[in-house]
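Student: I would like to go through a protein model feature by feature. Please show it first.

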Amino acid sequence: MSARPLFLGSEIYRRSSYGAKHPLAIPRVSTTIDLCRAMGWLPDAQYRDSPMATPAQLARFHDPAYIDALQRAEADGQVDAATAERHAIGRFGNPLFPEIFRRPATGAGASLLAARLLLDGADTVYSPAGGTHHGRRDRASGFCYLNDPVLGILALLDGGLERVLYVDLDAHHGDGVEAAFAGDARVLTVSVHEDGRWPFTGAVADRAGGSARNLPVPPGFNDCELAWVVEHALLPLGRGFMPQALVIQCGADALADDPLSRLELSNGALWSAVTALLPLAPRRLVLGGGGYNPWSVARCWAGVWAGLNGIDPAIPATPAAEAVLRALTWSRAAGRNPPAHWLTALADPPRCGPVRDAVRRVAAAALEPASYERMLMAATSNVSGRT
Ligand SMILES: [Zn+2]
């Protein structure tokens, strides 16, 4: 059993961008790696370079025609209209960019390597490049081309595990992962996400044939509300499922400083959630996800790594870490004059608030038995009432 968590990264993310006008024009994984090293948290012994997944490995989930289309798009730098339409390449926020195959295949390769490491005795693996939870079998969706959480979970199942818990803390519903395991009793997918936001799925009543629980939370979702959801829904659900492995999607777009959601968490709330969830299973894969403010995403994900190592990230940035943060730029207005704590500390100020009824309701509803189970219980009690 490896005592220390492993960090899977790659230099491919440093050079690659979805294009200047895209929300993913910003560096994220490279800054996270730089920050962790600058804080003294990432010795070489805990770092592994991610391999690129092969087309054959990707075909465990993805349509071979789609994999081929991504490879051809990268080689040619263009796609024909029919291919673009069929696979949503260069459509709906999924741009054609120079590493359109290699970059997502490296993220997928990390989740596959993580699964192998966990099956071989590692207890915690971190891949901040992972968490591309919207990717579909045969098309890109929501900036995600390949679905690395699905591939990682399939690899764990193929390795002999029978119960894998997936917890998605991204601001957006983890629709691609939920759909991939709909009706599969071996996987429980639990998603906490902003109500009424794209992709507009993940209602409380959506159980995906019993394999999903959804917690759509209102705008303004605060630190105390996430702590409530963890304690009153995620932990009881997780304990009841008795997972042999836990996969956490830790998107940073539910943070207050993120431009793409209206949730208002501090990074400390996500760090606490991850720390609280880890004891649910002996094998843990922690992934990244969304996150569209270069300062908040890198500080959040560096702090997640610190937490996995038992280090309190709520300390001042070292001079080297501050230099990493001061070198960042962002084309949005907020990037012109970043607040001091984006540059000098990893931790955000806490953002606690009242736990609203809407949050209590979704937490309670997530624990309720599915409607068919209620019908079954009602029928059983009627029968016993007559005898
Ligand atoms: Zn997201």
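This is a predicted model: local features need pLDDT of at least 70, side-chain atom pairs count only at pLDDT 80 or more; totals for chains, interfaces and linings use all residues.

Student: Which residues are the protein donors of the zinc ion?

Tutor: Donors are N, O and S atoms within 2.8 Å of the metal (3.2 Å for Na, K and Ca); water is not among the atoms, so sites may look incomplete. Here the protein donors are Asp170 (OD), His172 (ND1) and Asp253 (OD), at 1.9 to 2.1 Å from the zinc ion. Along the chain, their spacing reads D-x1-H-x80-D. His172 and Asp253 link distant parts of the chain, being 81 residues apart. His172 sits in the loop between strand 4 (164–168) and helix 8 (175–180), and Asp253 in the loop between strand 7 (245–249) and helix 10 (267–277). Helices (H or I, at least four residues) and strands (E, at least two) are DSSP runs, numbered from the N terminus.

Student: Are His172 and Asp253 buried or exposed?

Tutor: Buried means under 20% relative accessible area, exposed over 50%, and partly exposed in between (1.4 Å probe, protein chains only). Both His172 and Asp253 are buried.

Student: How is the packing of two helices described?

Tutor: Two values are used, the angle between the axes and the distance between them. Axes are lines fitted to C-alpha atoms, for helices over the stretch in contact, and angles run from 0 to 180 degrees between N-to-C directions. Angles under 35 degrees count as roughly parallel, over 145 as roughly antiparallel, 65 to 115 as roughly perpendicular and the rest as oblique. Take helix 9 (residues 223–241) and helix 14 (residues 357–367): they pack at about 5°, with their axes 9 Å apart. Helix 9 and helix 14 are therefore roughly parallel.

Student: Which residues make the contact between helix 9 and helix 14?

Tutor: Contact means heavy atoms within 4.5 Å. Helix 9 contributes Glu225, Trp228, Val229, His232, Ala233, Pro236 and Leu237, and helix 14 contributes Val359, Arg360, Ala363, Ala366 and Leu367. For the residue classes, Ala, Val, Leu, Ile, Met, Phe, Trp, Tyr, Cys and Pro count as nonpolar, Asp, Glu, Lys and Arg as charged, and the others, Gly among them, as polar. On that basis, the contact of helix 9 with helix 14 has 9 nonpolar, 1 polar and 2 charged residues.

Student: At what angle do helix 6 and helix 7 pack?

Tutor: Helix 6 (residues 102–119) and helix 7 (residues 148–158) pack at about 25°, with their axes 8 Å apart. That makes helix 6 roughly parallel to helix 7. On the helix 6 side the contact involves Gly107, Ala108, Ser111, Leu112, Ala115, Leu118 and Leu119, and on the helix 7 side Asp148, Leu151, Gly152, Ala155 and Leu156. These residues divide into 8 nonpolar, 3 polar and 1 charged.

Student: Where is the cis peptide bond?

Tutor: The cis bond joins Trp198 and Pro199, with omega about 5°. Pro199 lies in the loop between strand 5 (187–194) and strand 6 (212–217).

Student: What is phi of Phe92 and of Met242?

Tutor: For Phe92, phi is near 50°, a positive value in a residue other than glycine. Phe92 is in the loop between helix 5 and helix 6, and its 66% relative accessibility makes it exposed. Met242 also has phi near 50°. Met242 belongs to the loop between helix 9 and strand 7, and is exposed at 56%.

Student: Which residues is His87 in contact with?

Tutor: His87 lies in helix 5 and counts as buried at 2% relative accessibility. Leaving aside neighbours within four places in sequence, His87 is in contact with Ala65, Tyr66, Ala69, Asp138, Arg139 and Ala140.

Student: Where is Leu346, and what does it touch?

Tutor: Leu346 is in the loop between helix 13 and helix 14, and at 0% relative accessibility it counts as buried. Not counting residues up to four places away in sequence, Leu346 touches residues including Leu35, Met39, Trp41, Asn267 and Trp271.

How values were computed: Residues are numbered from 1 along each chain as its sequence is written. Side-chain values use heavy atoms; hydrogens and water are left out.
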